[in-house]
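This report walks through one structure, from single residues to the chain contact. Please keep the sequence and the model in view.

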2 protein chains.
Amino acid sequence: MSKRKISIEDIARKAGVSHTTVSRALRDSPLISPKVREEIKQLAREMGYVPNGIAQSLQTQKTNTIGVVVTSIADPFFAEVVEGIEQIARSSGLSVLLSTSHRNVEQEIAAIDNFYRRRVDGILVADSRINTNHTQQIGQIATPTVFINSQTANQPESFHSVRIDDYLGARLAVQHLVSLGHTSIGYLGVGDRSLSNQLRQEGYQTVLSEANLPQIDDWIAIREEDNTRTSDVVTGQQMLPQLVKAGVTSVFCYNDMVAVGALLACKKLGISVPQDLSLVGFDGIALGGYITPPLTTIRQPMLEIGRVAMQMLLDLLQDKTVENRVLSPYLIERGSTARK
Amino acid sequence: MSKRKISIEDIARKAGVSHTTVSRALRDSPLISPKVREEIKQLAREMGYVPNGIAQSLQTQKTNTIGVVVTSIADPFFAEVVEGIEQIARSSGLSVLLSTSHRNVEQEIAAIDNFYRRRVDGILVADSRINTNHTQQIGQIATPTVFINSQTANQPESFHSVRIDDYLGARLAVQHLVSLGHTSIGYLGVGDRSLSNQLRQEGYQTVLSEANLPQIDDWIAIREEDNTRTSDVVTGQQMLPQLVKAGVTSVFCYNDMVAVGALLACKKLGISVPQDLSLVGFDGIALGGYITPPLTTIRQPMLEIGRVAMQMLLDLLQDKTVENRVLSPYLIERGSTARK
DNA sequence: CTGAAAGCGCTAACAG
DNA sequence: CTGTTAGCGCTTTCAG
């Protein structure tokens with residue numbers, strides 16, 4: 001219970017030197033004689049000195065902090081992305097300020113504004129909804145910023161980003177289904193993640209075209225309302241029946257949570273997966289491997305997405321030129337798909 | 001792309017007043033005439049002024065930031081706890097600095113030290129390993145700190161904490177099994193979470209005693225190595241067989257992930273749950289409801305744990321006196337347990 | 001090698 | 001109501 005926090009001045013007084021000398025000694029400046037340097041360091045240790053990072057930041061104009069905005073921490077997808085971010089950040093001496101947007105532009109902007117006031121060195125935004133119109137609102141992004149899987153259609157030129165190739169992922173999923181002999185393939189999507197849903201749907205449709213397979217409107221079900229990813233399960237549960245009624249023998253789901261919901265619905269309806277119906281998810285969250293049957297899915301390397309984004313930000317902070325990255329997802333074949 | 005960030009001095013110059021006036025006007029001081037106040041605010045807006053939080057913090061000695069240490073963000077349990085923390089923090093104008101400890105005391109202390117340097121207003125630590133010996137190392141905790149489900153046996157008097165009642169939870173789990181007619185009940189635990197594992201094991205044993213049921217050494221399996229919670233699944237998978245071999249008809253698992261592993265092992269061994277073997281988990285993570293059969297478990301109100309801990313910290317920051325909290329878990333009966 | 005002085009951007013006495 | 005002056009705790013010229 002030390003009453004007042006001690007400063008370099010306190011140490012200086014006790015050591016009979018100037019606070020400048022203490023400052024230098026503590027940071028191993030070559031300007032200080034080894035002898036006094038050690039003395040001062042020892043004294044600082046004894047006195048329980050802890051440098052004031054705020055004062056340092058004010059002076060150096062660096063906070064060694066980055067801000068991260070995700071839609072929700074409880075979302076297993078983003079949890080892992082953040083884990084990847086944190087790993088790289090910490091190994092570079094940066095701390096992470098975390099905020100949530102709940103897929104809401106206002107909250108997203110509020111979070112970024114807050115980061116801006118706190119003078120974070122850089123910002124990472126996942127699933128961003130920001131578009132060119134908002135651009136000016138958010139302090140013209142003087143702070144280096146990297147977007148992860150941005151949902152913005154018309155991204156300003158200046159944006160840095162890393163994203164998964166949604167289109168490719170969808171193709172892999174549907175091609176897998178086609179290769180198993182399925183000819184009536186449905187798509188179960190979500191309306192609140194405009195860009196990625198659109199790209200996945202396009203991938204789906206393209207593969208059907210290429211394979212000369214029928215494209216029926218009723219084979220596509222999009223849940224329009226806004227959801228948190230957790231309730232994606234509910235989306236899957238509610239939307240699956242109509243797809244089954246429309247006669248599909250397989251369904252490509254927007255993501256794993258939707259697929260889980262679809263699977264739950266199947267159990268309830270007495271439809272066995274994969275015998276009666278094949279299901280493919282997207283994301284590759286751990287959960288998918290634990291359910292019965294284990295879920296065939298398109299895996300996004302979540303940890304890597306986080307790491308790559310953070311690394312990109314690090315490069316930006318060192319004024320390196322960076323190139324936007326598009327990572328490739330890949331198929332994980334498990335038990336929820338079978339030959340027709 | 002504004003080159004240099006503008007300060008209140010810049011505004012003052014342009015407005016022909018002193019920077020003090022600007023400072024006051026911006027913060028709605030009643031000392032400023034309404035007229036100039038509005039003028040200044042307008043000017044600030046036009047100039048795109050964003051107050052420098054660092055400078056404010058240095059002056060006011062408050063950072064409006066709290067530090068949170070969890071073992072892993074990708075752990076669904078902590079992810080939800082953090083979500084709860086963030087909710088309350090944000091609604092109180094506080095930002096969250098997040099760090100991970102990976103169940104490692106050194107990393108935990110490093111994280112806390114870092115928070116200390118950054119002069120966070122308060123600290124939240126989940127699953128802490130810190131004991132009295134470390135107490136002095138971490139800057140004698142001059143910063144208000146609340147521990148969540150601390151794993152420390154001999155907690156210093158001065159610690160503030162919120163924890164789940166592990167002992168009660170274990171009792172509920174085993175009593176449930178007993179009430180279903182089970183007489184040979186096993187416990188599958190983990191060795192790297194000393195306190196909570198110990199309490200759950202005690203609860204288990206007490207109920208067996210009270211019910212005059214046999215207590216066989218081989219019915220208790222504890223995985224000693226350190227794990228991340230994710231690999232708790234592996235623990236369950238590896239340890240279950242020996243319990244089955246020892247002849248149990250039901251198993252109380254340390255947590256849901258362990259139970260998931262146990263379930264996976266059962267599938268592999270051709271043991272059907274719950275017909276041949278009943279399984280009870282602990283935590284109540286979402287995943288448990290999606291697997292087959294859905295997991296009977298002891299639920300910890302994770303979101304609430306986070307909220308309560310954060311609220312306690314808030315109270316501490318306002319110098320209110322707080323009482324340590326012990327929250328009660330409860331049984332969620334689902335499909336993994338059945339009458340013997 | 002060391003110290004004096006300035007200043008990072010803001011808030012808060014203390015005068016007028 | 002407004003301005004002057006310190007000062008939060010540190011780093012960084014600039015002189016010795």
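T21(A) is found in helix α2 of chain A, residues 19–26. Helices here are DSSP runs of H or I with at least four residues, strands are E runs of at least two, and both are numbered from the N terminus. T21(A) touches I32(A) and I40(A), leaving out residues up to four places away in sequence. Contact means heavy atoms within 4.5 Å. K320(A) is 299 residues from T21(A) along the chain, and their C-alpha atoms are 34 Å apart.

The model is predicted: local features need pLDDT of at least 70, side-chain atom pairs count only at pLDDT 80 or more, and totals for chains, interfaces and linings use all residues. Residues are numbered from 1 along each chain as its sequence is written, chains are lettered from A and ligands numbered from 1 in the order in which they are written, and side-chain values use heavy atoms, with hydrogens and water left out.

**The annotated span**

UniProt, in an unreviewed entry, lists residues 6–60 of chain A as "domain: HTH lacI-type". Such annotations may be inferred rather than shown by experiment; positions follow the numbering used here, and feature names are shortened. The span is 67% helix and 0% strand, and its end C-alpha atoms lie 20 Å apart.

**Backbone features**

D28(A) has a positive phi of about 55 degrees although it is not a glycine. It sits in the loop between α2 and α3 (34–46) of chain A. Q61(A), also not a glycine, has phi near 65 degrees. Its place is the loop between α4 (53–60) and β1 (65–70) of chain A. Buried means under 20% relative accessible area, exposed over 50%, and partly exposed in between (1.4 Å probe, protein chains only). Q61(A) counts as exposed because its relative accessibility is 63%. D28(A) counts as partly exposed, at 41%.

In chain B, D28(B) lies in the loop between α2 (19–26) and α3 (34–46). It contacts R37(B) and K41(B), leaving aside neighbours within four places in sequence. The C-alpha atoms of D28(B) and K41(B) are 9.5 Å apart.

| Cis bond | Omega |
|---|---|
| V273(A)–P274(A) | about 10 degrees |
| T292(B)–P293(B) | about -10 degrees |

P274(A) is in the loop between α10 (256–269) and β9 (278–283) of chain A. P293(B) is in the loop between β9 (278–283) and β10 (296–299) of chain B.

**Core and rings**

A nonpolar core is a set of buried Ala, Val, Leu, Ile, Met, Phe, Trp, Tyr and Cys residues joined through side-chain atoms within 4.5 Å. The largest has 151 residues; L124(B) and F252(B) are among those that touch the most other members. A second, separate core of 26 residues includes I112(A) and F159(B).

The whole structure holds ten aromatic pairs over all chains. Rings of Phe, Tyr and Trp (its six-membered ring) pair if their centres lie within 6.5 Å; planes under 30 degrees apart count as stacked, over 60 as edge-to-face and the rest as tilted. Y187(B) and F252(B) form a tilted pair, 5.4 Å centre to centre with 40 degrees between the planes. The pair links strand β6 to strand β8 of chain B, 65 residues apart.

**Chain contact**

Chain A and chain B each give 49 residues to the contact. About 4,700 Å² is buried between them, 57% of it from carbon and sulfur atoms. Buried area is the accessible area (1.4 Å probe) that two parts lose on being put together, summed over both.
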